[in-house]
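Please look over the sequence and structure first.

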Amino acid sequence: MVRKWIFIPLLALGITGIIVGSFLDFNINSALYDRNNGFGVFMASFGQLPAYGFLGTLAYGFLYLTIKHYKKIWQRILFILLAVILVGAGIYFQGWDIFCVNGYNNKSLAFLGYIISTILIGLGALFGYFILRNTEVEKEVILKVLLAILFVMLLALGITQLVKIFMSRPRFRFISDYNLLDEFKNWWESGKELKKNSVGVLEDVTSEEFKSFPSGHISNTASFIAIACYLPYLNKKIKVKQEYLMAFALVWVLVLAYTRMRVGAHFLSDVSFGFTISILGFMVVDLIMFKKNQPPLSSETL
């Protein structure tokens, strides 16, 4: 069973990356940069899919509570509405991102992205079915865990997007491809002035080139670690697999972080901040929601 101390070295990993990146961001990206790296482009498009797929799992969880436990009309309306929003948001945003924003940047393939996203959400819902179909966990615990996962994902998403807008850090691929290397910005430096002078002025430059800090790919996908930690509390039979789930999630995040730097989309400090945001968000949500010997981090055993 995973103990809560495991999140201390994870947090330390993120902070270490921020410190190293503060001094070596430019040098690291200069050494790694290959905008058209095949694996990097693939991960840019598909690297977030595991985290997005769990939106289907969450949606099924709320529908499960509606069918099995909560019978009041307002409760059913609320849970069904949550499920519809999760499914709709997952299909729309991830479907568009797959081919139109990240990686391949081919808007003519948008329909294919929506098909893939729909299938993925469906698989996530199916996964939720297998987790909850024979569970003996109380409905209050199931609801609390589902809400905790949702809050962690929303917190990571919200903080990341707000900081992106506020800082407007230019991506390495932009300053490299347009021969503007002297316009490199550290993570604590604003790129708003460069953005103002570039978007709509330089050919093919959009606001997407000024969303380097922090990494949304990493903050979103790092929530996969939190999800892996929570899953055994929805079904005690899979608790023995928790460590493997978390190890897989961590390796996936690290590989994705490398590929984001490889294609010049982010710097080390960007991916490290994204990772740290999710880990801190998870620890804060856990502290608030599970402070009375409740799962997952406050107790050492089930």
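Which helices each supply at least two residues of the lining of the second largest pocket? They are H2, H4 and helix H7 (172-177). The model is predicted, with a mean pLDDT of 88 for the protein and 93% of its residues at 70 or more. Over residues 296-302, however, the pLDDT is below 50, although this stretch has 25 contacts in the model beyond near neighbours in sequence. Where pLDDT is low, the predicted coordinates should not be read in detail.

**Second largest pocket**

- The volume of the second largest pocket is about 480 Å³.
- Its lining consists of 22 residues, and those nearest the centre are Arg35, Val101, Asn105, Arg173 and Glu209.
- H4 contributes the largest share of this lining, with three residues.
- By class, the lining of the second largest pocket has ten nonpolar, five polar and seven charged residues.

**Largest pocket**

- The largest pocket holds about 800 Å³ of space.
- It is lined by 32 residues, and Tyr52, Asp97, Leu157, Gln161 and Asn220 are the closest to its centre.
- Two or more lining residues come from each of H3, H4, helix H6 (139-167) and H9.
- H4 gives the most to the lining of the largest pocket, namely ten residues.
- Of the residues in this lining, 16 are nonpolar, ten are polar and six are charged.

**Cavity**

- How many cavities of 30 Å³ or more does the structure hold? There is one.
- The space in the largest cavity comes to about 40 Å³.
- Phe54, Thr57, Leu58, Ile149, Ile227, Leu231 and Leu234 line the largest cavity.
- Helix H3 (residues 49-68) gives the most to this lining, with three residues.
- The lining of the largest cavity is made up of six nonpolar residues and one polar residue, with no charged residues.

**Helix H2**

- Helix H2 spans residues 38-46, and its buried residues are Gly40, Val41, Met43, Ala44, Ser45 and Phe46.
- The partners against which the buried residues of H2 pack are H3, helix H4 (73-101), helix H5 (110-132), helix H9 (216-230) and helix H10 (242-262).

**Ser269**

- Ser269 lies in helix H11, which runs over residues 268-289.
- Is Ser269 buried or exposed? Ser269 counts as buried because its relative accessible area is 0%, under the cut-off of 20%.
- The side chain of Ser269 makes a polar contact with the side chain of Asp25 at 2.5 Å.
- A polar contact at 2.9 Å joins the side chain of Ser269 to the side chain of Arg169.
- Beyond its neighbours within four places in sequence, Ser269 is in contact with Gly17, Ile18, Gly21, Asp25, Arg169, Trp187 and Phe213.

Note on methods. Residues numbered from 1 in each chain as written. Predicted model: local features only at pLDDT ≥ 70, side-chain atom pairs only at ≥ 80, totals over all residues. Heavy atoms only, no water. Helix = DSSP H or I, 4+ residues; strand = E, 2+ residues; numbered from the N terminus. Buried < 20%, exposed > 50% of the residue type's maximum accessible area, 1.4 Å probe, protein only. Polar contact = N/O pair within 3.5 Å; in protein donor to acceptor, adjacent residues only side chain to side chain. Contact = heavy atoms within 4.5 Å. 1 Å grid on protein atoms, 1.4 Å probe; cavity = no way out; pocket = protein on both sides within 12 Å on 5 of 7 lines; lining within 4 Å. Points joined across faces, edges and corners; volume = space filled by probe spheres on them. Nonpolar A, V, L, I, M, F, W, Y, C, P; charged D, E, K, R; others polar. pLDDT = per-residue confidence, 0-100.
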